Amino acid sequence: MRSRLRGSAMTLAYERRTISRELTVEIPDRSFTVVIGPNACGKSTLLRALSRLLQPSTGAVLLDGADIHRRPAREIAKTLGLLPQSSIAPDGIGVAELVSRGRYPHQGLLRQWSREDEAVVAESMAATGVTDLADRPVAELSGGQRQRVWLAMALAQQTPLLLLDEPTTYLDIAHQIEIMDLCARLHEEEGRTLVAVLHDLNQAARYATHLIAMRDGQVVATGPPQTVVTAALVEEVFGLPCRVIDDPETGTPLVVPAARRRTPIGVTT
Amino acid sequence: MIVLRTPGDISLRLHPRALAVGLTCALLTLAVGVLALGSGDYPMSAADVLRTLAGDGTPAEEFIVHELRLPRLATAIAVGAALALAGAVFQTLVRNPLGSPDLLGFTQGAATGALVVVVVGGTSTMLSGAAAVSGFATGLLVYVIAWRRGVHGYRLVLAGIGVAAILTGINGWLLTRAPLMDAARAVLWLTGSLDGRGWIHALPVLIALALLGPVVLAGAGPALRLMEMGDDSANALGVPVERLRLALLGAAVLLVSLASAAAGPVNFVALTAPHLARRLTRAPGPNLLPSALLGALLLVVADEIAQRAVPGHQLPVGVVTGLIGGGYLIWLLAAERRAGRL
C-alpha cells in the first residue's frame, strides 16, 4: 500500500490544549478514506493538520516524502486540495466566478485565464451539476446547491488528493446522499484520493474504501469498513451498544443502535 | 469579462466595467486637476495651464503652477489614492466594510505623533515625520495585540478600537497641554488640510505609492481576493495567509501613515472610496485599482470645493470629505433600506 500523504508521530495542539500525541496516519493512494469518531475525538484536527491549516508541534505531515510546511504553499495547493467546513462567498459573486477561483494555484501574473483554466472550470461545473447555475449569484442558492459549487471550486484546483471537512453538515438527507454519491463518483471515475471527516457512521461505512476510527486523539482502528465497523468497535469508540447488520442496499455494515430498555410507566426503580 | 490571449501562453483577464470606471476616474481627475491649476487669485485658462505644464509659460505662470498649485494637486492625488488603496486593503483583510484606518486606530496614532511635536515644539517637517512614524508604530502595536497564532479579522478590529480609544484620550490631553496658537494649528492639522502643501509633502506619498502600489495591486491583489473567502479557503488554494496579511497590513499602514503625515488624517476617504468603487464596478473583490483612482478623484474634487465653496475663506479639505463621505454613507443606508437589503 503506497501513501503519498502521511502524518508521522504528530503532536497536534491548540494553544495549551493538546489534542493528539504521537499520532501517525497513512492515507492509502486512490482510496476514499473516511475519518470517524465521536465529537471532540480530534478527527477535524487531524484533517486540519493534513491540509496544512495546523502545524504539528512535533512530527510532520509528509506529502510525497517532504514536509508540507517546508514547501511553497502554492506548490502544495496543486497536489492537495481542501473543502473547508465553512467558507464565505464574497458579496455579489456568481457561481462561475467562484468556481474559477479554484484555478489560483495554476495561475500567474501573465497567465490569468488560460484555455486550460476555462476547460477545467467548465468540466468541474459539469461534474457537480452546477453548469446551469453558472450566472446565478451564490447568495441565492440553496444549501445543497451551494455545497456543490464549493466542491466544484475544489475540483477546479485539479488536485490528485482532496480533503473534505464534514462535507454534508447542514444538508438534509437527500442532499447528503447527493454529495456523497458525487464524491464516490469522483473517487471511482477520476481516481482521486479523497479523505473526508464524517459524522454519520452508516454513510462512512457505505462510501469509504478505508476507515480511520479515532478516539481521544488516537487512532483506534484502520482498514476497510467490513473489518472496522463491528459492534464491539462501535461500543468501544462511541460507547454505543448496537447491532451491525448488512446494509440491504449495498451489503456494507449498517449500525443499528440498541433499543433503549423501556421502563413501564408508573414504575419507579 | 474580457480575456486577452497571446500565442506565448500569456492570458489576461479584464473586467470591462472596472476598466471603464478606473479610466473615467483617471480622466476626471486630470480634468479637475487642470481646472484646479487654473483657479485661484491668479486665474488661468485651461489652455494656459496646459501650455505652462508643457514648459511654455511666462515666469509668473511657471512659478504659480509649478511651485504653488501643482504640489498641492499632487499631494491631493497621492493622499487620496494612498488612503483609498489602504482602505480597500483593510476592508478586505478584516472582512468588515467599516474596516478603515480611523476604526483601527492608525490615524489616531499618526495624530499622537503630530501632537507631541506641537506640544514640544518643532518644524512642520518634524511634525510630518513624527506622524508617519507614530502611525506606523500604532499599526505594529495593534498587530501585536491582536496576534494569537495568527491574526483574525475581528481580533484586529477589537484591538484597533481599543488602541484608538486610548489614543483619542491621549490626543485630547496633549491638545489641552499645547499653547493656544499651536492648539489651533494642531486642530487644523487634525481635520486634514492641503493648505500650503509643497513637494516635500507630496513626494514621500508618491514614492510610497510608486513602490508599494504595483506590489500590492499585481502581487497581492489576486491572493487578497481569495482571502475574502476565509483563511481556510485561501490557505487551501495556496495563499500563505498569515505572511501575506502581515505584509499587506504593513504596506497599508505605511501608506496611511505617510498620507496622514502629508495632509493630516483626512476623514472618510479610506472608508468611502472602496465602497463607491465596488458599487460602480459591480465586481466582487477588493477592487484595488478602481478604489485608488476614485480616492484620488474624491480628494481632488473635495479640495477644489474646499477652496472655492466659501468665497475668501478656505475650508480644511477634511471638512468637505467628512460631509461628502458621511452624506454618501447615509444615502447608502437609505438606498439599501428602500431596496429591502438592510
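This is a predicted model: local features need pLDDT of at least 70, side-chain atom pairs count only at pLDDT 80 or more; totals for chains, interfaces and linings use all residues.
View 1. Strands are DSSP runs of E with at least two residues, helices are runs of H or I with at least four, and both are numbered from the N terminus. Two strands count as paired if DSSP finds at least two bridges between them. Strands of a sheet pair through backbone hydrogen bonds, in either a parallel or an antiparallel way.

**View 2. The hairpin of E4(A) and E5(A).** Strand E5 (residues 66-67) of chain A pairs with E4(A) in the antiparallel sense over two bridges, and Leu63(A) stands opposite Ala66(A) in E5(A). Two residues lie between the strands of this hairpin; in the turn, Asp64(A) has a positive phi of about 55 degrees.

**View 3. The open sheet of chain A.** Six strands follow the order E6-E7-E8-E3-E9-E10, with mixed pairing. The edge strands, E6 and E10 (218-223), each pair on one side only. Neighbouring strands are turned by 15 degrees against each other on average, direction ignored. Within the sheet, strand E3 (residues 32-36) and strand E8 (residues 193-197) of chain A pair in the parallel sense over four bridges, and Val34(A) stands opposite Ala196(A) in E8(A). Helix H6 (residues 173-190) of chain A lies across E3, E7 (161-165) and E8, at about 140 degrees to E3(A). Axes are lines fitted to C-alpha atoms, for helices over the stretch in contact (heavy atoms within 4.5 Å), and angles run from 0 to 180 degrees between N-to-C directions.

**View 4. The interface of chain A and chain B.** Here 36 residues of chain A are in contact with 29 residues of chain B. The area buried between the chains (the accessible area, with a 1.4 Å probe, that two parts lose on being put together, summed over both) is about 2800 Å², of which carbon and sulfur atoms give 54%. Arg101(A), Tyr104(A) and Trp113(A) supply 23% of the area that chain A buries against chain B, more than any other three residues. Arg101(A) also forms a salt bridge with Glu228(B) (3.8 Å, N to O); the term requires a side-chain nitrogen of Lys or Arg within 4 Å of a carboxyl oxygen of Asp or Glu.

**Notes.** Residues are numbered from 1 along each chain as its sequence is written, and chains are lettered from A and ligands numbered from 1 in the order in which they are written. Local features need pLDDT of at least 70 and side-chain atom pairs pLDDT 80 or more, whereas totals for chains, interfaces and linings use all residues, and side-chain values use heavy atoms, without hydrogens and water.
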